[in-house]
Amino acid sequence: MDVTTFWFLVVAFLWTGYFVLEGFDFGVGALLPLVARGEAERRQALATIGPVWDGNEVWLITAVGAMFAAFPAWYSGFLSGFYLPLVMVLAGLIVRGVALEWRGKVEGRERAVCDAGIVTGSVLTAFLWGGIFGHMLSGTLAGTLVGGALSLSLAMLHGGVFLALKTTGPLRARARRAALTAAAVAVPAAALALPGVPAAIGPAGAAGADWTAHPLVWAAAVAAMVALAAGVALVWRRREGWAFTATAGSITLLTATVFAVLWQAPLPGLTVAGAASGPYTLGLLTWIGLIALPFVLGYQAWTYWVFRKRVTA
């Protein structure tokens with residue numbers, strides 16, 4: 001494997017980690033007014049993501065940083081091509097982060113404003129990420145809207161399963177029902193969007209539309225759909241732990257499918273090799289990554305282990 005391929009896989013891995021981990025953060029925030037009744041349950045719901053949400057955002061910072069260092073042409077084209085939606089993503093993340101930090105320090109109406117900020121930031125950001133990647137692959141408004149709907153509904157399903165896994169009492173039951181309701185949107189949206197992802201390789205109607213030309217990409221898309229269906233079936237059977245594994249697997253496979261398509265052309269008219277930094281820069285980055293990445297992964301694993309127990313009201 002050459003160093004350019006290695007760094008493309010690193011970037012794909014970092015984006016995948018971000019969508020899997022921040023995905024349930026967004027879902028919990030979006031579901032807050034639907035599943036939590038009263039201040040005690042709202043605190044219980046937010047306590048499930050309180051120790052980890054800011055650490056999950058490190059994956060986004062690292063992913064964008066890796067793009068900047070390893071693929072500067074891709075980074076500049078991505079930021080300039082999606083300037084407005086990315087500014088809106090940044091605004092959503094700031095509003096959500098400030099609301100999560102301030103909520104425990106204010107009372108009454110100000111706390112209600114913080115709740116609104118958490119919900120708005122979570123919904124807006126989850127939808128926009130799907131819309132951005134949907135537009136990158138399709139270049140159409142329809143693809144943008146379907147991508148946004150899939151991203152938001154999948155995050156709400158993932159977050160609902162996470163809440164059911166991490167809580168007890170009435171909140172756990174409502175979270176499970178909310179996850180199943182979100183699945184009623186996520187499954188049709190995935191069935192509509194996933195066939196279009198591998199088909200986005202090459203000109204429309206050309207090699208990408210023929211599954212025999214890229215069988216592994218199509219297999220990943222089909223596996224993402226199977227994992228999603230398994231997650232819904234498992235949450236229906238109240239097996240939250242396995243259901244969360246399945247929804248995480250579905251997001252992982254979906255992201256892998258998207259980046260397998262981007263490997264052909266990360267932006268129109270741009271190849272991965274053409275977007276990459278020089279061999280010296282990539283070699284230096286490789287040593288930095290090999291030293292730093294184990295610490296980041298170890299810290300995250302330790303955090304989830306420490307806060308692994310269910311949260312009670």
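Helices here (H or I, at least four residues) and strands (E, at least two) are DSSP runs, numbered from the N terminus. With that in hand, take residues 216-236: the span is 100% helix and 0% strand, and its end C-alpha atoms lie 30 Å apart. Residues 243-264 are likewise 100% helix and 0% strand, with 32 Å between the end C-alpha atoms. Both spans are on UniProt's list for "transmembrane region", which comes from an unreviewed entry. UniProt positions follow the numbering used here, feature names are shortened, and annotations may be inferred rather than shown by experiment.

A word on what you're looking at: this is a predicted model, where local features need pLDDT of at least 70 and side-chain atom pairs count only at pLDDT 80 or more, while totals for chains, interfaces and linings use all residues. Residues are numbered from 1 along each chain as its sequence is written, and side-chain values use heavy atoms, with hydrogens and water left out.

Let's start in helix H1, residues 3-35, which holds Ala30. Ala30 is buried, with a relative accessible area of 6% (buried means under 20%, exposed over 50%, partly exposed in between, using a 1.4 Å probe and protein chains only). Setting aside residues up to four places away in sequence, Ala30 touches Val119, Ser122, Val123 and Met156, where contact means heavy atoms within 4.5 Å.

Glu57 and Arg96 meet in a salt bridge, 3.4 Å from N to O (a side-chain nitrogen of Lys or Arg within 4 Å of a carboxyl oxygen of Asp or Glu). Glu57 lies in helix H3 and Arg96 in helix H5, so the pair ties together parts that are 39 residues apart in sequence. Glu57 counts as buried at 16% relative accessibility, and Arg96 does at 0%.

By this rule there are 12 salt bridges. Now look at Glu39, which is partly exposed at 22%. Glu39 forms a salt bridge with Arg103, the closest N and O atoms being 2.9 Å apart. Since Glu39 lies in helix H2 and Arg103 in the loop between H5 and H6, this pair ties together parts that are 64 residues apart in sequence. Arg103 is buried, at 6% relative accessibility. Glu39 also bridges to Arg43 at 3.5 Å, N to O; both lie in H2, four residues apart, about one turn of the helix. A network of salt bridges links Glu39, Arg42, Arg43, Arg103, Glu107, Arg111 and Asp115.

The largest pocket has a volume of about 570 Å³. Of its 28 lining residues, those closest to the centre are Gly130, Phe133, Gly147, Leu150 and Leu254. On a 1 Å grid over the protein atoms alone, a pocket is an open set of points where a 1.4 Å probe fits, with protein on both sides within 12 Å along at least five of seven lines; lining residues have an atom within 4 Å of a point. A volume is the space filled by probe spheres set on the points, which are joined across faces, edges and corners. H7 gives the most to this lining, with eight residues.

The second largest pocket holds about 340 Å³, and 13 residues line it, with Leu60, Val64, Leu86, Val89 and Leu90 nearest its centre. H5 contributes the most here, with six residues.
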